[in-house]
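This report walks through one protein model for a reader who has not seen it before. Please keep the sequence and the structure in view while reading.

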Amino acid sequence: MPGVAVKILIVEDEAPIAKILAANLEQAGFHCFHLQDGHDVPGHVDAIKPDLLLLDVRLPGQDGFDICRKLRSVSDLPIIFVTASTEEAERLQGFETGADDYICKPFSPVEVVARVISVLRRYHASPSKPAEAKPVLTLIYESLQARVGNATISLTSSEFRILEALHSVSNRIYSREQLLAVLRHGSMDASDRAIDSHIKNLRRKLAHIAPDENFIEAVYGEGYRLNR
């Protein structure tokens with residue numbers, strides 16, 4: 001990863017852990033900043049303008065999930081949770097709030113650096129086609145439909161939730177685990193295979209109204225994103 005002012009903001013109340021994270025990230029060429037509590041993280045993000053946020057969940061001042069929700073409502077800043085909790089429900093909650101990845105303590109510093117690089121690579125990945133070359137895909141929330149040009153298709157609730165997530169941030173790659181969190185938030189039973197099945201059905205339906213387009217792209221080893 002290039003070391004030209006790629007800034008990482010670490011929000012971690014345990015100073016030794018923050019020091020380990022910063023040391024390894026700086027060795028990899030990143031420039032790190034550290035906050036020890038959750039007070040006014042959005043304000044510090046505005047001031048520092050980091051390229052990625054490493055965020056603990058249990059922080060003095062404000063909960064990491066609340067911080068993530070607030071940031072995600074106004075920004076697509078890459079966010080990785082680094083926390084002691086290994087509970088699946090909490091990991092899914094992290095993805096539900098908009099996190100790009102979730103790392104459990106104790107962690108391997110080398111793995112953290114690799115995850116940071118991977119998330120930044122996904123974030124900055126270019127779409128395979130320019131947006132101008134594609135017809136516009138819009139969502140009709142009232143009727144759970146998608147429209148391309150003058151043609152519409154009807155979607156199931158699960159299909160609509162997945163397409164809504166992919167549609168929410170241009171070119172953002174969603175892992176299967178993140179899409180599972182989207183479905184489980186709606187109290188729907190889902191599995192990795194179910195995600196692939198829903199994606200297959202979405203592609204088939206979209207092909208009926210836009211046969212020359214590949215709206216949903218599979219990114220090898222990462223997940224799915226919407227080309228638009």
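In which helix is F160 found? F160 lies in helix 6, which covers residues 157–168. The model described here is a predicted one.

## The chain as a whole

The protein chain contains eight helices and ten strands. Of its 228 residues, 48% are buried. Among the contacts with a separation of 6 or more, 60% are between residues 24 or more positions apart.

Is F160 buried or exposed? Its relative accessibility is 4%, and because buried means under 20%, F160 counts as buried. Other residues of helix 6 are buried as well, including I162, L163, A165 and L166. The list of buried residues in this helix also holds S158, E159 and H167.

Leaving aside residues up to four places away in sequence, F160 touches L139, I140, Y141, L144, Q145 and L155. A146 is 14 residues from F160 in sequence, and the C-alpha atoms of the two are 8.2 Å apart in space.

The length of helix 6 can be checked against its residue count. Its twelve residues, at 1.5 Å a residue, should span 16 Å. The C-alpha atoms at its ends are 16 Å apart, so the two values agree.

Three strands make an open sheet in the order 6-7-8, and their pairing is antiparallel. Strand 6 (137–140) and strand 8 (151–154) are at the edges; each has a single partner strand, so one side of each has no neighbour in the sheet. From one strand to the next, the twist averages 25 degrees. Helix 6 packs on this sheet and touches strand 6 and strand 7. The direction of helix 6 makes about 130 degrees with that of strand 6.

Strand 6 pairs with strand 7 (residues 145–148) over four bridges in the antiparallel sense. Within this pair, I140 stands opposite Q145, and T138 has R147 as its bridge partner.

The bridge partner of V148 in strand 8 is A151. Strand 7 and strand 8 also form a hairpin, with two residues between them. In its turn, G149 has a positive phi of about 65 degrees.

How many strands form the open sheet with parallel pairing? Five strands form this sheet, in the order 2-1-3-4-5. Strand 2 (31–35) and strand 5 (101–104) are its edge strands, and each pairs on one side only. Ignoring direction, neighbouring strands are turned by 20 degrees against each other on average.

Strand 4 (residues 79–83) pairs with strand 5 in the parallel sense over four bridges. In this pair, T83 has C104 of strand 5 as its bridge partner. Helix 3 (residues 64–74) lies across strand 3 (52–55) and strand 4. The helix runs at about 180 degrees to strand 4.

## Cysteines

How many disulfides does a search of the whole structure find? The search finds zero disulfides. C68 is buried, with a relative accessible area of 0%. C104, the residue in strand 5 that is the bridge partner of T83, is partly exposed, with a relative accessible area of 22%.

E222 sits in the loop between strand 9 (216–219) and strand 10 (223–226). This residue is buried, with a relative accessible area of 17%.

Which side chains make polar contacts with the side chain of E222? One is R121, whose side chain is joined to that of E222 by a polar contact of 3.3 Å. Another is R122, where the contact between the two side chains is 3.1 Å. Not counting residues up to four places away in sequence, E222 touches S118, R121, R122, I173, Y174 and S175.

Conventions: Residues are numbered from 1 along each chain as its sequence is written. This is a predicted model: local features need pLDDT of at least 70, side-chain atom pairs count only at pLDDT 80 or more; totals for chains, interfaces and linings use all residues. Side-chain values use heavy atoms; hydrogens and water are left out. Buried means under 20% relative accessible area, exposed over 50%, partly exposed in between (1.4 Å probe, protein chains only). Contact means heavy atoms within 4.5 Å. Two strands pair if DSSP finds at least two bridges between them. Axes are lines fitted to C-alpha atoms, for helices over the stretch in contact, and angles run from 0 to 180 degrees between N-to-C directions. The expected span of a helix is 1.5 Å times one less than its number of residues. A polar contact is a pair of N or O atoms within 3.5 Å; within protein, one must be able to donate a hydrogen and the other to accept it, and residues adjacent in sequence count only if both atoms are side-chain atoms. A disulfide is a pair of cysteine sulfur atoms within 2.5 Å.
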